Amino acid sequence: MNLKQRIEKLKINIPAIFLALGKKETPVWAKILAWLTVAYALSPIDLIPDFIPVLGYLDDLLILPVLVTLTIKLIPKDVFDQCLEQSKNIWKEGKPSRWYFSIGIVILWIIIILIILKFFFFKT
């Protein structure tokens, strides 16, 4: 499978993982990892910034596929197959315009930044 095919597969798997979050049959651990995976995929902030040569894109090429693979393994096969079918049609009408899904990601990164600032600058 070449890189372009892997990217296309990720474009289907990540929405399927998001859809699996709403299924009651999805185990709690799978939901936790699914939230982490979706948040990381949608987050504009990477673990390793993209401007760092070579290493900047390693997280996109390694971390995201690993998170997706682990999450899919935790979701029951029948549930994931059902979500996969739904996600194949999600891009037919263009990109979803539900901007409010990004609110959680923004709040998560604000909390992380505040924790880092507190740790480094406000030691007691």
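1. Basis. The model is predicted: local features need pLDDT of at least 70, side-chain atom pairs count only at pLDDT 80 or more, and totals for chains, interfaces and linings use all residues. Residues are numbered from 1 along each chain as its sequence is written, and side-chain values use heavy atoms, with hydrogens and water left out.

2. Make-up. The protein chain has 5 helices and 0 strands. From the N terminus, the order is α-α-α-α-α. Helices here are DSSP runs of H or I with at least four residues, strands are runs of E with at least two, and numbering starts at the N terminus.

3. Burial and surface. The protein chain has 124 residues, and 27% of them count as buried. Buried means under 20% relative accessible area, exposed means over 50%, and partly exposed lies in between (1.4 Å probe, protein chains only). The accessible surface is about 9400 Å². Carbon and sulfur atoms hold 71% of that surface. Areas come from the Shrake-Rupley method with a 1.4 Å probe.

4. Contact range. Take contacts between residues at least 6 apart in sequence: 69% join residues at least 24 apart. Contact means heavy atoms within 4.5 Å.

5. α1 against α2. Helix α1 spans residues 3-21, and its axis comes within 9 Å of that of α2, crossing at roughly 140°. α1 is therefore oblique to α2. Angles under 35 degrees count as roughly parallel, over 145 as roughly antiparallel, 65 to 115 as roughly perpendicular, and the rest as oblique. Axes are lines fitted to C-alpha atoms, for helices over the stretch in contact; angles run from 0 to 180 degrees between N-to-C directions. From α1, I14, I17, F18 and L21 take part; their partners in α2 include W35 and V38. The contact residues split into 8 nonpolar, 1 polar and 1 charged.

6. α2 against α3. Helix α2 (residues 28-42) packs on helix α3 (residues 55-74) at about 155°, with axes 9 Å apart. The two are therefore roughly antiparallel. Among the residues that meet are W29, L33 and Y40 in α2, and I63, L67 and L74 in α3. This contact divides into 13 nonpolar, 2 polar and 1 charged residues.

7. I12. I12 sits in helix α1. I12 is partly exposed, with a relative accessible area of 27%. Beyond neighbours within four places in sequence, I12 is in contact with L84, S87 and K88. I12 and C83 are 71 residues apart in sequence, yet 9.6 Å apart in space, C-alpha to C-alpha.

Key: Nonpolar A, V, L, I, M, F, W, Y, C, P; charged D, E, K, R; others polar.
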